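Here's a quick walk through the two chains, one after the other, with a stop where they meet.

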Amino acid sequence: MTAIADDAVPALRLARFGEAIRRNPTILIGAVLLAGLVTIAVFAPWISGDPFRLSPVNRLRPPSERWWFGTDRFGRDVFALTIHGARVSLIVGLSVALISSAIGLAIGLVCGYFRWVDAVVMRVMDGLMAIPSILLAIALITLTRPGLGIVIVAIIIPEVPRVSRVVRSVALSIRSQPYIESAVAGGTRSGKLLVRHILPNTVAPLIVQGTYVCASAMLIEAGLSFLGAGVPPEIPSWGNIIAQGRTFFQIAPWSILIPGAFLAITVLAVNMLGDGLRDRLDPRLARRM
Amino acid sequence: MNNVLEIRDLATHFFTRDGVVRAVDGVSFDLASGETLGIVGESGCGKSVTALSILRLISPETGRIVSGSIRFDGRELTTLSDEEMRSIRGHQISMIFQEPMTSLNPVLTVGTQIAENIVRHRNLSWSAALDRAHEMLDLVKISDSRRRLDEYPHQLSGGMRQRVMIAIALSCNPRVLIADEPTTALDVTIQAQILGLMLELKEKLGTAIIMITHDLGVIAETTQRVVVMYAGHKVEEAPVEELFARAMHPYTRGLLRAIPRTDADAELAGRRRRLQEIPGIVPALTRPITGCPFAPRCAFVAARCRAERPPLEEPEAGHTVACWEMRRVLEAAA
């Protein structure tokens, strides 16, 4: 009996997964695009040549069979630069999403549950949210040496309050649910209540918020690199490729348009994944579809 | 009979911007072990606050127990530490809430929610607790219980969810079960099943039950003794048959007259009267009430009722009532 039941479970799961994809193709499209980008970024050195090889003879060549995306003003291969640039964007996007979700989750849960912490901490969060992330990053980078790490930190600081607000609002509404009162009536202590009963309810909105944070982190990184306040120019990033191509935009538009298109597609893929997950994870929306 | 719970002069007040709300103001009653006691009254009369006070679940931000004593098995609950109180909640005294739809956590399986209570109070391993949870689901007569353990609350019907709530509440063999309007949100057929189940389990496990309801039908079917509350006060207490036959407080009489009758007697007598309501509403509890709290709505009101609070008297053994005019009330009924 049990053996049959156990065998049936994976097949059932697979069927349910297929059903979910069919109903909700945005998840699939977003996930496939993102998976493709991750593959490209991981295997960048094998896919393309050295992005730093200068070849002054072949400056500003348009896209051709030899240089798929053309070359820039130093004769560097834009294809190789763009592919390597994907690494920076993805690393920044993912690490900002993960770290700010984790910190925001902890702060949001505590604020949503303990009202006396809430008043103080949320005002601090409001203060942090008021700082434009680009300005904060420029300030931080002028204080330290530019690098990927400092860019990530500079983006995380203003993103944490966004995540913690979402988690806090969920925690606040869950906290007044009868099942929480019921759990208290059963003798559950606060810590356990928070982790076991409130935390799982925040997972769905947290994942969705995380994907938006990921997309916006990529955009902010590109903006910073464009302004010269982001990753140093020796690391190719979509932002600094665009910045370097800016002066030759009229005669060599490919060195701006192609990394720009990559940036747009990546952000779109992450947002599609986030939208799809929101529809999927919110039981009220999922049922309607 | 030995009392498992003795409540004396319990007063729970809430401190709001509009003033002090005396939600419960000097209520006393006993609960014998294995007994079913009903607490009945309109909305806002202090039934639920009494129940929450017993478990000390009044949120300290808004209110507190200002005086009185709650003795459980000889232990004074009002002075226990939070830690000691937590070990009693869900273990020796447990509670079922009104809303079976929202009293279970939607993101945890039924099995987890039952087992959690067992692990917390019984120190069992998780797998032993799950076995016990399985047993409990069988006990509350949920079919296909093995599969139900892994299901989420939204996969269960309202009646089944209330059965799960009962399973959680009884999983540690509590001495006292407080049921706060356990069947209000259910339709009548399911209501009858759930009440039947509660009584059956009470016999099996020897748990005393406090049944809080505004439904006198539920009281008649399930309880042995009834406390009638009005505006935070106990106005009458009697064994259930006695109360239905010879209610002495005008408020209790009013409640009884507000029940629709469908029996043959009424039909034959040709007096299918309009239901009688009690005029007026429950008084605001923010101002101290002089005299009888029911006086403004009472048909038997006399000058004394407005001036002096009637004391609880015991005109018959086991039947207490707080009314100056109880003689007239009884004569009028005869």
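Chain A has 12 helices and 0 strands. Read from one end of the sequence to the other, the pattern of chain A is simply α-α-α-α-α-α-α-α-α-α-α-α. Its C-alpha atoms fill a box of roughly 80 × 55 × 30 Å along the principal axes.

Bear in mind that this is a predicted model. The scores are ipTM 0.72 and pTM 0.76. For chain B the average pLDDT is 88, and 96% of its residues score at least 70.

Now for the place where the chains meet. Here 14 residues of chain A are in contact with 21 residues of chain B. On the chain A side, α8 (178-185) and α9 (190-227) each supply at least two of the touching residues. Which helix gives the largest share? That's α8(A), with 6 residues. Sorted by class, the side of chain A that touches chain B has 5 nonpolar, 7 polar and 2 charged residues.

Over in chain B, there's a sheet to look at. It is open, with 8 strands in the order β6-β7-β8-β3-β9-β10-β12-β11, and the pairing is mixed. At the edges sit β6 (93-96) and β11 (313-316) of chain B, each pairing on one side only. Ignoring direction, neighbouring strands of this sheet are turned by 20 degrees against each other on average.

β11(B) is joined to β12 (residues 319-321) of chain B by 2 bridges, and the two strands run antiparallel. If you want a landmark there, Glu313(B) stands opposite Val321(B) in β12(B).

Chain B also has a helix pair worth a look. Helix α3 (residues 110-122) and helix α6 (residues 158-170) of chain B pack at an angle of about 20 degrees, and their axes are 8 Å apart. That angle is under the 35 degrees cut-off, so α3(B) and α6(B) count as roughly parallel to each other. Their crossing is right-handed. These are the residues that meet:

| Helix | Residue range | Residues that meet the partner |
|---|---|---|
| α3(B) | residues 110-122 | Val110(B), Gln113(B), Ile114(B), Asn117(B) |
| α6(B) | residues 158-170 | Val164(B), Ala167(B), Ile168(B) |

By class, this contact of α3(B) with α6(B) has 5 nonpolar, 2 polar and no charged residues.

Methods:
Residues numbered from 1 in each chain as written. Chains lettered and ligands numbered in written order. Predicted model: local features only at pLDDT ≥ 70, side-chain atom pairs only at ≥ 80, totals over all residues. Axes fitted to C-alpha atoms, helices over the stretch in contact; angles between N-to-C directions. Helix = DSSP H or I, 4+ residues; strand = E, 2+ residues; numbered from the N terminus. Parallel < 35°, antiparallel > 145°, perpendicular 65-115°, else oblique. Left-handed = near helix turned anticlockwise from the far one by under 90°. Contact = placed C-beta atoms within 7 Å. Nonpolar A, V, L, I, M, F, W, Y, C, P; charged D, E, K, R; others polar. pLDDT = per-residue confidence, 0-100. Pairing = 2+ DSSP bridges.
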